[in-house]
Amino acid sequence: MTAPHVTLGDVLLPESGAKQTDKFRTENSSLWSQSVEEVLLCRVMASASIPAYNSSNNPLENSSSHNASRESLKMEPLADVTLLPGEERIIDKDIIYICPFSGALKGKVFITNYRLYFKSADADPAVTLDVPLGAIGRVEKMGGASSRGENSYGLDITCKDMRNLRFALKQEGHSRRDIFDILFRYAFPLSHGLLLFAYLSQEKFEENGWSIYKPVEEFRRQGLPNDKWRITFINANYELCDTYPTILVVPFKATEEDLRKVSTFRSRGRIPVLSWIHRENQAVICRCSQPLVGMSGKRNKDDERYLDLIREANGTAKLTIYDARPSVNAVANKATGGGYEGEDAYQNAELVFLDIHNIHVMRESLKKLKDIVYPNVEESHWLSSLESTHWLEHIKLVISGAIQVADKISGGNSVMVHCSDGWDRTAQLTSLAMLMLDSHYRTLRGFQVLLEKEWISFGHKFANRIGHGDKNHADQDRSPIFVQFIDCVWQMTKQFPTAFEFNERLLVTILDHLFSCRFGTFLYNCESARDTNELRSKTVSLWSLVNSDASSYQNPFYTPESNRVLYPVASMRHLELWVTYYIRWNPRIRQQQQSPVEQRYIELLALRDEYLKKLEELQLSDSSPNSSHLSNSSTPNAASPTQHITHLHTPF
C-alpha cells in the first residue's frame, strides 16, 4: 500500500495570529531566532480557545455557591478569559506546565466548572491553554512524595482531542491533592453525581438551534409520504424500539402488526426504515440492524416479506443489502445470535460486505495516529508511521462503501444498509451517501439536519463512544466513529471545494463541541434518553451558536448546484491526513496562512458589496428632485460602478 504524501507544514494559523507573529518579529528582531517556537506555541494555544460568550455580568460575582466560606474571594481576577454565563471559578493554583515544545513554564492554572485555563508567568509572550473539561479523558497522578528529579511530581492529563497535558507541583504538603480532586470531580461530573456543564450553562443566542430539524418537514422536502411510503407513529412512546426516533417512514403496505413482528427479528428492534428517497427514480436508502439468524440459521417470514415490500416500492429487481462488516465478522456474529441475510431466505436480495472494521479497531487506529503526531512528528519516518496506523485505510473503506451506496441509488436500485446494531458504520455510510446524492445536505443548515437525522435521532451512542462526564477511560465502548465520519466529510470538501456551503471551521467546531459538554447536541445515546433528561428544554443546541454567526462558517467558494451527485475518489493517492485537526497543537510545524486565493476572493466580495452600496446611493440621489439636472450630464464614468460589479460577478 502506498502511503499518501502529506506536507507537514499544512497547518492553518488564524489570520490574526499570523499578523501578531509578524508584528512580534518586526518589533523584536533580535529575539526572533531564539523565540520562534515559543511565539508559535502561544499563537496556536491562543487560537485553540473556544470563543467566549460576551456578557457584562460575571456569573461568579452573583454566585452564592462560592462566597466567604470558600477561598474564591482570594482568587486573582481572570482578565484574559470571559467566563461563560453559568461558568464559575473553582480554584487557582501556581503550577508548572511541562510544555512538550518549550519546556517547563511557570504560571497559574485556573479551573472552573467548564474549563482548565493556564497562563504562563515568565514567558514573553505568555503561553496559554484553554481546555474544556469535557475534552479530558483521563487524569493521573505523576510521581510520589519521594520522587526525585526536577518536575517529577504532578499531574498527567490525557485529552480526547489529540493532546496530552503535564503539570508539575511542589512535593511538600500534598500540594496536588486539592487540584487533583477538583479536576477529577469536574472533568467527570456524571461519575460524581453532578450535572454536565450543558445543564448549568445560561448562554443565550439569537437563533434556537433545536428547531433546525423537524422530521416531518424533512420527509416532506424529500416528497414523502406518497403512495408507496407512509409515516408511522408506532414508536411514539419508544415501545417498538427504544433507540429509534418517534417518527419513522415505512412501506405503505406494511401494517403496524408487520412492524412489530419484524422488530423481533432485528437486533435491538431496529427494523428497516427509510432514510432517503431519490425524487426521480424513487430508489430508497433504508437502514436497520442485523437479522437475528443465530447459529441455527433461523428464518422469519415477516422479515423476508417486509424486505420484498421495500424492493417492490420502486420496482427494483433485486434489493441490494450493504453489510458494512467484513464477512468473517458477520459470520462470527452468528455465535452471539446475530448474522446476515442468507441467499436462501432472501432470494430477491443481493448481499455485499464492505469490509469496514469494528469500533475496537478504529479506537486502536486513532491511538496509533495520536502517538505519531503528538507531541512530536518524526519527519524521517513519517510516511511509514502514518501507514502503520491504518487510519487513512479505514477512511478509504468508509468512503468507498458510501460511493457504492450512492451509485446504486443513482442507478435506480433501492438499498438497505446495516452493520451489527445499525448505529455506527451504518450512520457513516447512509449520511455520506446522502451527502453525495443530495445537495441540500451540503448547505450549512442542511448539514446540521443530516447530523440531527442520521446520527442524533437514529441513535448513534454518543454517550458511550465519547464518554461524556464519565471517568471510565478504559471503557471498551469508546470509539472515534463520529470523528472518522467528519474526517470523511473533510476529505470530500477537499476534493470538491465549491460544492459545500460550510467551511473547515465548522467541522473543527463540531468536533471540539463533541467533547466540550458546553451544548446538549451530542449528549446521550438516543432520543428516549434525551427526552427523559429534558435535554431540549434545559440545554442549548450547538446550532444556536453556529447559526447566530453563520458567516464565520461559510465557504466563500460555494457554488450551489441542485442536481449534482458527488463521487469522491477513494484511493489512497487522493486521501490526505487532516493536518489542521490532528496536528493543530504542534507549533513546530510551519503554520500556513489562509490561502491567498481564498483571501483575494473574500476581498473581491467585500469590494463588490462596497460598489453595490455606492450604486444604491447614486440611484437614490438621482431619483431626488434636487439632483434631476445630473441626469442630463451623465458621462461614461458614471457607469463605472456597474462596470466594476459586472466584472466581480464573473464566476471565480
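Guide: The second largest pocket holds about 710 Å³ of space. On a 1 Å grid over the protein atoms alone, a pocket is an open set of points with protein on both sides within 12 Å along at least five of seven lines, and lining residues have an atom within 4 Å of a point. Points are joined across faces, edges and corners, and the volume is the space filled by probe spheres set on them. Of the 24 lining residues, Thr 158, Cys 159, Lys 160, Arg 363 and Lys 367 are the closest to the centre of this pocket.

Visitor: Which elements give two or more residues to the lining of the second largest pocket?

Guide: They are strand E6 (136-142), strand E7 (154-159), helix H8 (359-373) and helix H13 (462-466). The largest share, six residues, comes from H8. Helices (H or I, at least four residues) and strands (E, at least two) are DSSP runs, numbered from the N terminus.

Visitor: How far may I trust the model, and how are residues numbered?

Guide: This is a predicted model, in which local features need pLDDT of at least 70 and side-chain atom pairs count only at pLDDT 80 or more, while totals for chains, interfaces and linings use all residues. Residues are numbered from 1 along each chain as its sequence is written, and side-chain values use heavy atoms, with hydrogens and water left out.

Visitor: How many helices and strands has the chain?

Guide: The chain has 21 helices and 16 strands. Of its 652 residues, 54% are buried. Buried means under 20% relative accessible area, exposed means over 50%, and partly exposed lies in between (1.4 Å probe, protein chains only).

Visitor: Is Cys 159 buried or exposed?

Guide: Cys 159 is buried, with a relative accessible area of 4%. Cys 517 is buried as well, at 5%. A disulfide is a covalent bond between the sulfur atoms of two cysteines. Here a disulfide is counted as a pair of cysteine sulfur atoms within 2.5 Å, and by this rule the count is zero.

Visitor: How does one check the length of a helix?

Guide: The expected span is 1.5 Å times one less than the number of residues. For the 13 residues of helix H11 (residues 425-437) this gives 18 Å, and the end C-alpha atoms are 18 Å apart, which agrees. Helix H12 (residues 444-457) has 14 residues and should span 20 Å; its end C-alpha atoms are 19 Å apart, which also agrees.

Visitor: How many residues of H12 are buried?

Guide: In H12, 13 of the 14 residues are buried, so this helix is largely enclosed by the rest of the structure. In H11, 13 of the 13 residues are buried, so H11 is likewise largely enclosed. H12 is followed by Gly 459, whose phi is positive, near 85°.

Visitor: What should I look for in the backbone?

Guide: Most residues other than glycine have a negative phi, and most peptide bonds are trans. Met 162, although not a glycine, has a positive phi of about 75°. Met 162 is placed in the loop between E7 and strand E8 (164-168), and is buried, with a relative accessible area of 4%. Glu 534 also has a positive phi, near 50°, but is partly exposed, at 40%.

Visitor: Which peptide bonds are cis?

Guide: The bond from Asp 124 to Pro 125 is cis, with omega near 5°; Pro 125 is in the loop between strand E4 (115-120) and strand E5 (128-132). The bond from Leu 224 to Pro 225 is also cis, with omega near 0°.

Note on methods:
On a 1 Å grid over the protein atoms alone, a cavity is a set of points where a 1.4 Å probe fits but cannot get out, and a pocket is an open set with protein on both sides within 12 Å along at least five of seven lines; lining residues have an atom within 4 Å of a point.
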